[in-house]
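This report describes the fold of each chain and the contact between the two chains. The sequence and structure are shown first.

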Amino acid sequence: MNFALRIYRRLAEAFPHEFKLVYGPDLGQLGEDVVADVARRHGIAGLIRLVADIALCLAAEYLSEMRRDLRYAVRALIKSPGFALVGIISLGLGMGITTSVFSRVWNQMFRALPGVANPGELVMPQNPVSYYYIEQYRAEKSLLAGAAAFRNGVPFNVALEANGNGRPQRVFGQLVSPDYFAVLGVKPQRGRVLNPKMDKPGDAPAVVITDRFWRDRLNASPDALGQTLRLNGQTATIVGITPKGFKGAMPIVRTELFVPVTVSAALASELSNDVLHKHDAKAFQAIMRLAPGVSIDSAEAGLDTVTRRLDNQDPSNLRRADKGRRVTLLDGGTVLPIPRAMKPVVVAFLGVLVGLVLTIACMNLANMLLARGAARRKEIAIRVSVGASRFRLIRQLMTEGVVIAMLGGFAGLALAYGLSVLESQVRLPQAMPQDLDYSLDWRAFVFAFALSIISGIGFSLAPALQTTKAELASTLKEGSAVQLRGYRRFGMRNLLVVGQVAGSLMLLLITGFLVIGFSRTNNFQTKFDANTMYLLAIDPVRDGYSPEKAEALFEKLPERLRAIGSVQSVALAAQAPFSVASGTAQLTASKDPRDASRTLKVVAKETVGAGYFATLSERMLAGREFTERDQRIETSEDGSSADGSNMVPLPAVLNESAARGLFGNANAVGQRVSEDKQSYDVVGVVRDLKHGMADDDDPTLVMYIPLTHRDFANPPAGGVTIMLRSNAGADALGGVRREIASIDPNLNVFDVRTLSEHLELSRAYMRVALDTYGGIGVFGLVLAAIGLAGVTAYAVARRRKEIGIRMALGARKAQVLRLVLREGVALVIVGSVLGFLGAMAIVRVLSSLTSMFADSFNVSVNDPLLVVGAPLLLGALALIACYIPARRSAKIDPLKTLREE
Amino acid sequence: MADPDLQSFLPLKTQWFHIMLSLAGEEQHGYGIMQGVLERTGGKVRLWPATLYGSLKRLIEAELIEESDERPAPEVDDARRRYYRLTALGRRVLNAECDRLQELVRAIRVSQIMVTE
C-alpha cells in the first residue's frame, strides 16, 4: 500500500505545471485519503487500478497540452510567414536531397536482390569466369551450397507466333545454367523453372519468362505455358513464369527471359566457339550460395586456391606467375554488387556530402530560431512572470521547431519524389536497357521523417534554452533587444555562422571539383553537324542468319547504302560512337608479353569498321585507318589455340593519348603492342575523341580494332551499328530503310537515331549528375547567404540603441555601416579559411581512397577558376547578404530610437 | 431538444454525468464528489482520483461547472480543498441528459413488456 502511494505521489508530481498549480494538492490529498479504503475494498487490484488511472491521466494531460502547443505554434508561424517559409524551404531542400541520395544509394547498392531466398548467402566473383571454372566451383561442397552460371544482357529477337510471322522484337534475357533458379531459391508462379534434371543438352529448348514479359508481351494470357516462341529464328517453348518482383541476378540490366545454356549455339550465338567447355573462355558470371556457416572471406580464400590450381593446369595461362588474388567475391545478393572494400568509401563520400547539406540547413534553422527567440524575449518574460513554467515555454518553442521541421520534411519528400521522377526519365546511351530503380524507398520516408523530427527537436532545444534563460526583471525593464551574454566572442550564433560559411564553401568546392572534372572528361565535339549522321543497328544473326550469310550481308550492305542518293558515307561499328566503352584491355608495348619490365596501360577497346574515321570527318594524325581488307582478316577464334604466341596480329589504331602513353614521343605507327595472347600492329594514330565516363582507370586511352567476321557472326548486345552521313536536310533514313527492306524484309532495324540525339542521351546522364552536384553547391551558397543576412539583420536590430546613441554623438553613416559590416566580414573570413582547408582535406582523403574520384579531382583540384573563384563568389555573396540588412543601420533615426525607451 | 448548444454535449460521459449529478444539489469538493458517487451507486462506480480531477478540469473548460468562491460554514469547511458547482449551462445540460435517459428507460420498459408478453 505504501509502495502504491509512493508511485502515486511521484506521478502526481509529474503532471504539467499548469495542472499542478490548480489541482496538484487536491489530487495528492485525495489519493492519500482513499488509498486505505481502496486497499480494503478492492485489494491489490484496486491499488493497481489507482496507479494505472493516474498514469493514464498523466499521458492524456500531456497530449492535450501538446495539442494546444501545436495549435499555438501553427498560429505563431502563420503570423510570421517569411520566417516559416525560409525555415521550411531550407529544411525541405536539405532533406529532399538527403532522401533522394539515400534512396538511390539504398536501391542501387545495398538493397537485397528482390525475389530470391536468403540473399545474404549469395556471393559472386567480381570478374567473369569460364563455365568450366564454375563447374569446378560447384564441386566445392564444403564452401558452396550451389554455384550457377549466368550471362546477362543477352539479346534475343523474339517472334511471338511460332509460324515466324509477326515482327520480331528485341528482348534482353539471361543465358543461365539449369541450376540457376535452385541456387537463387526462386519458385515459379506458374509452370516450372529450369532445373538440371529436366533441361539437358539436346532437349527441345525451354525458356522461362518473367512476370513482366508475360504481362507486357503476352497480355498475361492464361495459355502462355506451353506456347512456342521463335528465339533468334529457332523454336522454343515457354515452360514457366517467374514470380512478380524477381528480376534475375544483377537486375540493373533488364531481363525478361531466361534461356538455359543447354540450347544450341544456333539459338544463342553467345554459346558458339564451345564456350561451355573451353577453360579460358571467361564468358559467364557466377552466382553462388555459401554453404551453411561459411563466411564470405573463407569462401574467397577457398575459391582462390581452387582457381590457382585450375590456372596452373593451363600451360598457356599468363596469370600463372601472378601472385595476386585471383578471386574477389562480391555480395551477390544485392542489386548492384560492388567490391566490398568500396562500400565504406561510397558511404563515406555520400555521408560527407549529405552531412554538409543537412548541417547547413539545420544551422540555418537553428540560427533563425535563435534570432526569433531573442526577438521574443519580452513576450516570454511576460509569460514567465504570469506563471508559465520554463519547461512549458521550452516545450512551446520546441513545438514550433518541430512543426517547421515536419513541414520541411514534407517539402523534402515532395522534392525527393520530384527528383526520382526526373531521374527515372533519364535513359543511358547503352545497348542494353537499364533497369535502374529510382523509386523512393519506404525506408527513405522513415529516414526523412526521423531526420526532420530529430533536427526539429535538436535545433530548437538550444535556442529555447537560451531564450528562456533571461532574467525577468532586466528583460522586462529593457526594450525587446536584450544583450546576450558572450555574444562578441564565441556566442553560439557566431559559431553557427562560421560553421555555415565553412560548410557551404566546402560543399561548393567539392561539388565544383566534381562538376569541372566530369565535364572535362566528357567533352566531345564532332567536326560536323551531328544532326546529319544517323545511327541504326541490325543484328542478322539473331534474325536467324547463319554466320556466313550475315558476313555476306555486311560485305555488300555499305555499298548498297552508299548508292542511295543522299548518303555521303557509311561505316560499321560494334558500338555507337561516343558511347560507353565496350571493353578494356591491358596493353604492353613490349614484344614479349611475359617481359617482366613491361609497362601496362589500360585502354578502352572499340571495334570499328572500314572508313569509320572518315565518316566522322577525323583526319588520321599518322598512318592509315581500317579498310575493307582489314575486315576480312581471318582472326583465330577467341583463345582457341593452345599456344597463343602464334596468333595473327591484328591491325590497330591508337588515339593520341594511347600512342603517347605506350611509345612516348616515338612514332607509334609500325610498332607492335600485345594484350594477353593477342598482339596488334599499330597502323594509325587519331586525335582523342573524348568520350565515356570517368569510371575506369584511365578512360582517355583508346585502341580501335577492326570489325571482323567474328563480330558479324556474334554481334555485341547492341547489334552492329551502321553510321550514315547524309546531305544536310535530306531524308536519308527512308531510303535506307527501303534499301534494307529490299535486301531482306525480315531484317529487324532498331535503335534508330541521329548522332545528336545519341550525344544528347550520353550527356543526359552527366547532366543529371552535374545538375545534382551543382544544385547542391548552389543550394549551400544560398542557404549560407540567407543565414548571414539573418545574422546581420539581427545584429542591427539588437544594436539599434547603441547605433542611435553613436549617431546622436556625431557618428557618420559610413562609420556606422563599417561598424556593422566588420563583424560579418570577420565571420566570413574565418569561415572561408576553415572551409577551404576542410575541402582540400576531404578531396585528398577521397582521392587516396579510390580512383573513382581521383580522376575528376585530379583534373580540377588545381583549377584556378574554382580554387580562387569559389571563395570569392562566396565572399561576394556573403558581403551582399551582410550589406543589405546593414544598410538599415544607417537609416536609424537617433531621435526615434532614443525616444523609444 | 430545442437548444442545439445542449445537444452537442449529449450523451454525457459517465464520469461527467456522475460528477454533475453530485453537484446538482450542493457545492462539493473532489473527495465529496467521489464519496457521493460511491454511495449513490452502492459502491459500483468509483471515480479514480486522477480521472476525477482530469474530468473536473475539462468540465470547467467546457463551462459546465465552475469553481466556487463561497465557502461553506466554517465548521464543515476544509480550507485546503477547492469547491465546485454547476453553472447555468451545466444545469441545463444535466437536465437534458436526465430527460434523455428517462426517455431511454421508458423505451426499454415498453420493449420489455412486449418481450415478456
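How many of the 901 residues of chain A, as a percentage, count as buried? The share of chain A that counts as buried is 42%. The model under discussion is a predicted one.

## Chain A: composition and cores

Chain A contains 25 helices and 21 strands. Among its contacts with a separation of 6 or more, 82% are between residues 24 or more positions apart.

The largest nonpolar core comprises 76 residues. Those with the most contacts inside this core are Val357(A), Leu365(A), Val501(A), Leu505(A), Met506(A), Ile510(A) and Leu788(A). Leaving aside residues up to four places away in sequence, Met506(A) touches Leu356(A), Gly835(A), Gly838(A), Ala839(A) and Ile842(A). Another core, of 67 residues, lies apart from the largest one, and includes Phe150(A), Leu267(A), Ala299(A) and Leu303(A). In soluble globular proteins, nonpolar side chains tend to be buried together.

## Strand β20 of chain A

Strand β20(A) covers residues 720-726, and because seven of its seven residues are buried, the strand is largely enclosed by the rest of the structure. In a regular strand the side chains alternate between the two faces of the sheet. Both faces of β20(A) are covered. One side carries Val720(A), Ile722(A), Leu724(A) and Ser726(A), the other Thr721(A), Met723(A) and Arg725(A), and all are buried.

Two pairings of β20(A) may be described. Strand β11(A), residues 533-538, runs antiparallel to β20(A) and is joined to it by six bridges; within this pairing, Met533(A) has Arg725(A) as its bridge partner. Strand β12(A), residues 567-573, likewise pairs with β20(A) in the antiparallel sense over six bridges, and here the bridge partner of Val570(A) is Leu724(A).

## Chain B: architecture

Chain B has five helices and three strands, which follow the pattern α-α-β-α-α-β-β-α along the sequence. Of its 117 residues, 27% count as buried. Residues 24 or more positions apart supply 61% of the chain B contacts with a separation of 6 or more.

The three strands of chain B form an open, antiparallel sheet in the order β1-β3-β2. Its edge strands are β1(B), residues 28-29, and β2(B), residues 65-68, each of which pairs on one side only. Two bridges connect β1(B) with β3(B), residues 83-86, in the antiparallel sense. His29(B) stands opposite Tyr83(B) of β3(B).

Two packed helices are described by the angle between their axes and the distance between the axes. Helix α2(A), residues 17-79, packs against α4(B) at an angle of about 145 degrees, and the axes are 9 Å apart. From α2(A), the contributing residues include Phe19(A), Tyr23(A), Leu27(A), Leu30(A), Val34(A), Ile54(A) and Cys57(A). From α4(B), the residues in the contact are Pro49(B), Ala50(B), Thr51(B), Tyr53(B), Gly54(B) and Lys57(B).

Note on methods: Residues are numbered from 1 along each chain as its sequence is written. Chains are lettered from A and ligands numbered from 1 in the order in which they are written. This is a predicted model: local features need pLDDT of at least 70, side-chain atom pairs count only at pLDDT 80 or more; totals for chains, interfaces and linings use all residues. Two strands pair if DSSP finds at least two bridges between them. Helices (H or I, at least four residues) and strands (E, at least two) are DSSP runs, numbered from the N terminus. Axes are lines fitted to C-alpha atoms, for helices over the stretch in contact, and angles run from 0 to 180 degrees between N-to-C directions. Two residues are in contact if their C-beta atoms, placed from the backbone, lie within 7 Å. A residue is buried if 20 or more other C-beta atoms lie within 10 Å of its own, exposed if 12 or fewer, and partly exposed in between; C-beta atoms are placed from the backbone. A nonpolar core is a set of buried Ala, Val, Leu, Ile, Met, Phe, Trp, Tyr and Cys residues joined through C-beta atoms within 7 Å.
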